[in-house]
Amino acid sequence: MLELSDIEEWRSFASDQRAKGLVVGFVPTMGALHAGHASLFRAAKEHSDVVVASLFVNPRQFDRRDDLEKYPRTPERDLALALECGVDCVVSPSLTDMWPDYPAPTPTTVSVGELGERFEGAGRPGHFDGVASVVAKLFTITGPCRSFFGEKDFQQLAVIRQIVRDLAFAVEVVGCPIVRDDDGLALSSRNVTLSLAGRRRALGLSHALTAAAKVARPASIQRAVMHEVLENEGVEVAYAEVVDPLTLLPSSDAESGPRRALVAGFVDGVRLLDNGPVSIVGS
Ligand code: AMP
């Protein structure tokens, strides 16, 4: 497995592969890798010829300094997991190469508008512009590729699809299913920061989604069911919504059909999110 940090070496590695007629599969991550990331590496391996994974904790998508500082970092384990999953090239760019002006704001920003202002964006101003800006730069360096993202971050996936469409990146975006622990908790790099009791309370997120998925009811009832489960299980609710899976606009009680339920909340001060399919029936 090739390990690179230099942007120009990374750019030429990817372009050399394409020159050989190979499809580059690209998986951007912030490290602290777990089985969720491994599933993206395996999907990339299956659906492309050469897999490039990036490890970069992007400060521009954090709105709180303490959250950025507390973000788990496990570079050695990350390399071992990438190797085990058959990743061909791991790129770990430096902060100064990615954001030369840091900690001053970088003047050029990819702004994603309304889609980035709801849900995760409402609680974390600037978060999705930070995500879009870093992913745009990663796409520019990697070049034409097939890029793999988890449905775990459902709104992020929608934002990435929007920037690919609006800015015409030569990138095919592939969404991959959420990987969960045996008890249903969606894997997240942040789970390691939970206490034992917190981890139990965190199950409230997947329980809320399961409860909503069990019955086809109007959207407002599904929302109420999710709020009740989250509150009963000790999750401080940020939001519990039923949305159109493409536009992420909240569903009304007049609508029927397959939708996506999105939940987020705090446990032990840690922000957690999850989502899953639900079916609604108009009242
Ligand atoms: P992160 O390192 O948290 O930025 O995540 C990198 C990629 O891994 C994103 O596309 C995430 O959606 C994806 N990911 C994170 N957790 C999971 C999971 N439990 N299942 C599937 N994909 C995931």
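In which helix is the place of T142? T142 belongs to helix α7, residues 127-142. Helices here are DSSP runs of H or I with at least four residues, strands are runs of E with at least two, and both are numbered from the N terminus.

Before going on, some ground rules. Residues are counted from 1 along each chain as its sequence is written, and side-chain values use heavy atoms, with hydrogens and water left out. This is a predicted model, where local features need pLDDT of at least 70 and side-chain atom pairs count only at pLDDT 80 or more, while totals for chains, interfaces and linings use all residues.

## T142 and its surroundings

Let's stay with T142. Its relative accessible area is 0%, so it counts as buried. Buried means under 20% relative accessible area, exposed means over 50%, and partly exposed is in between (1.4 Å probe, protein chains only). The side chain of T142 makes a polar contact with the side chain of W10, at 3.1 Å. A polar contact is a pair of N or O atoms within 3.5 Å; within protein, one must be able to donate a hydrogen and the other to accept it, and residues adjacent in sequence count only if both atoms are side-chain atoms. If you leave aside neighbours within four places in sequence, T142 is in contact (heavy atoms within 4.5 Å) with W10, A14, R18, V24 and F26.

Now look at strand β3, residues 50-55. All 6 of its 6 residues are buried, so β3 is largely enclosed by the rest of the structure. In a regular strand the side chains alternate between the two faces of the sheet. In β3, V50, V52 and S54 are on one side, V51, A53 and L55 are on the other, and all of these are buried.

Which strands does β3 pair with? One of them is β2 (residues 24-29), which runs parallel to β3 and is joined to it by 6 bridges. Two strands pair if DSSP finds at least two bridges between them. F26 stands opposite V52 in β3. To get from β2 to β3, the chain crosses through helix α2 (residues 35-47), and this β-α-β crossover is right-handed. Right-handed means that, with the strands pointing away from the viewer, the path from the first strand over the helix to the second runs clockwise. β3 also pairs with strand β4 (residues 89-91), in the parallel sense over 3 bridges. There, A53 has V90 of β4 as its bridge partner.

## Strand β5 and its partners

Strand β5 (145-150) is mostly covered too, with 5 of its 6 residues buried. It pairs with β2 in the parallel sense over 2 bridges, and F26 stands opposite S147 in β5. β5 also pairs with β6 (residues 171-176), again in the parallel sense, over 6 bridges. Here F149 stands opposite G175 in β6. The chain goes from β5 through helix α8 (residues 154-167) to β6, and this β-α-β crossover is right-handed.

## Around the ligand

Which residues come nearest to the ligand? Of the 17 residues around it, these are M30, G150, D153, V179 and L187. A residue is near a molecule or strand if one of its heavy atoms lies within 4 Å of it. β2, α2 and β5 each supply at least two residues of the shell, and the largest share, 3 residues, comes from α2.

Here are some polar atom pairs between protein and ligand:

| Residue | Protein atom | Ligand atom | Distance |
|---|---|---|---|
| H37 | polar side-chain atom | oxygen | 2.9 Å |
| V179 | backbone N or O atom | nitrogen | 2.9 Å |
| L187 | polar backbone atom | nitrogen | 2.8 Å |

On its own, the ligand has 490 Å² of accessible area (Shrake-Rupley method, 1.4 Å probe), and the protein covers 92% of that.

Time for a few loops. Y102 and P103 are joined by a cis peptide bond, with omega about 10°. P103 is in the loop between α5 (95-98) and α6 (120-123), and F119 is in the loop between α5 and α6 as well. F119 is not a glycine, yet its phi is positive, near 45°. With a relative accessible area of 10%, F119 is buried.

L248 is not a glycine either, and it has a positive phi of about 65°. You'll find L248 in the loop between β7 (236-243) and β8 (257-267), and it is buried, with a relative accessible area of 0%.
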